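Dear colleague,

I am handing over the structure below, together with notes on what was found in it. Please read the notes with the coordinates open beside you.

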Amino acid sequence: MTDYASPLRLFQPRQFDYGSGSAAQVGLWAKIEGFRRILVVTQPVMAGLIDRLGLPGQVEVFSGVQPEPDSDNLATAVAAAVQAKPDLVVGFGGGSVMDVAKLITVLRGSQTLADVIGPHRVAGRQNALALVPTTAGTGSEAGIRALVTDASSLNKVAVESRYLMPDMVALDPDLTMSVPAVVTAATGIDAMAHCVEAFTNRKAHPLIDNYARLGFGLVARYLPRAVRDGSDTEARAALLLAAYYGGICLGPVNTAAGHALAYPLGTRLKLAHGLANAVIFPHVLAFNQPVAGAKTAEIASALGLRHDSESALREDAARWCADLGVEMRLSRLGALSEHLPGWAAEAHSIRRLMDNNPRDMSVDQVLDIYRAAF
Ligand SMILES: NC(=O)c1ccc[n+]([C@@H]2O[C@H](COP(=O)([O-])OP(=O)(O)OC[C@H]3O[C@@H](n4cnc5c(N)ncnc54)[C@H](O)[C@@H]3O)[C@@H](O)[C@H]2O)c1
Ligand SMILES: [Fe+2]
């Protein structure tokens, strides 16, 4: 058990800009800091908006980040950075882009990806880092982790290091207006899952609980609005903040069974990270209710879900997600029933997350959840 007296460490960016138009602060900050060679890491969908950053000096662009990048894609990005020799890298995109930007920053020197997987193995960084999210989901800009898929094993690998913390972050809702409704819904549920899984976590801490409450409260209130009307600036801004709070939750506490069960759906079935988490969310929320009753009740109240029984909670949580336009059935998302046992064994073996879950989950119980989501 933790209480307010339990030790906890948080890393924060040195500068944080928020609100409509705040992307331009990146350029002003870069000018003040005296950066001259800037590499923007992004994707074609965002390339037309790079001007919003107002960057000074010599600007190069690497727009080759793939969604849910793997280690081969990362290697291409590192090679681009080795050539460009930037003194500042700007990650301008969703979680996929930001994680690649973070890793470039620590892999331009002598360390390889294999050298740095796991906690605290990064030796240092080779350039400054600014992160500008263009989806409201992962909260990667608030955290010290970066994830890529190992191209040979198809496992998600996580690097955790203080050197992955950006120097500067700008949360500008104007950049997220173009996110399609289905991606808005899935990434918003990912942000909520970060908050919920940290809130009910074995390692939960009251300081983090407060961020978690703010985060799932904002998602509950503003995600339906942003899905209904993508040009709702206030809702977009609120969701960026919710994602940021979720990112804070990931640092010292992290996720649990929800994300572990989502990973095989991402790496094997190729579902987008947010979608994979949405499909799993109602099931793990309900599974954990018996051991996390009071906190689950808080979450359910924020979302307006019945929570008098496990089945009512599961049903309402699934409907809440489906009402946002998310396809919640694995069978409709391309899964075959013969896939499920292998995924269950794989998810169960992700101990770094499964061990955080408040209720122990056996391989058979993981399989039951996949079957229920099927
Ligand atoms: N570092 C962390 O702590 C952390 C936490 C959670 C997830 N992740 C990782 O983040 C990745 C997922 O990130 P994501 O959910 O943001 O998805 P994403 O970055 O893959 O983006 C989703 C889709 O939206 C598009 N897109 C992005 N911005 C857009 C915009 N403004 N307008 C229109 N389209 C836009 C992208 O091109 C992509 O097709 C995964 O690899 C996941 O493992 C990292
Ligand atoms: Fe996530």
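Helix H9 (residues 257–267) is largely enclosed by the rest of the structure, because 11 of its 11 residues are buried; here a residue is buried if 20 or more other C-beta atoms lie within 10 Å of its own, exposed if 12 or fewer, and partly exposed in between, with C-beta atoms placed from the backbone. Among the buried residues of H9 are His-259, Tyr-263, Pro-264 and Thr-267. Helices (H or I, at least four residues) and strands (E, at least two) are DSSP runs, numbered from the N terminus.

This is a predicted model, in which local features need pLDDT of at least 70 and side-chain atom pairs count only at pLDDT 80 or more, while totals for chains, interfaces and linings use all residues. Residues are numbered from 1 along each chain as its sequence is written, and chains are lettered from A and ligands numbered from 1 in the order in which they are written.

The protein chain is divided into domain 1 (15–175) and domain 2 (181–373), with bounds that come from an automatic or database domain assignment. Their centres, taken over C-alpha atoms, are separated by 25 Å, and 23 residues of domain 1 are in contact with 27 residues of domain 2, contact being defined as C-beta atoms, placed from the backbone, within 7 Å.

Leaving aside residues up to four places away in sequence, Val-26 touches Leu-53, Leu-55, Val-90, Ala-130, Val-132, Met-168 and Ala-170.

Ligand 1 is surrounded by 31 residues, the closest being Gly-94, Gly-95, Ser-96, Thr-138 and Ser-140, where a residue counts as near if its C-beta atom, placed from the backbone, lies within 6 Å. Helix H4 gives the most to this shell, with 4 residues, and the shell draws at least three residues from each of domain 1 and domain 2. By class, the shell around ligand 1 holds 11 nonpolar, 16 polar and 4 charged residues, where Ala, Val, Leu, Ile, Met, Phe, Trp, Tyr, Cys and Pro count as nonpolar, Asp, Glu, Lys and Arg as charged, and the others, Gly among them, as polar.

With best regards

Notes
Two residues are in contact if their C-beta atoms, placed from the backbone, lie within 7 Å.
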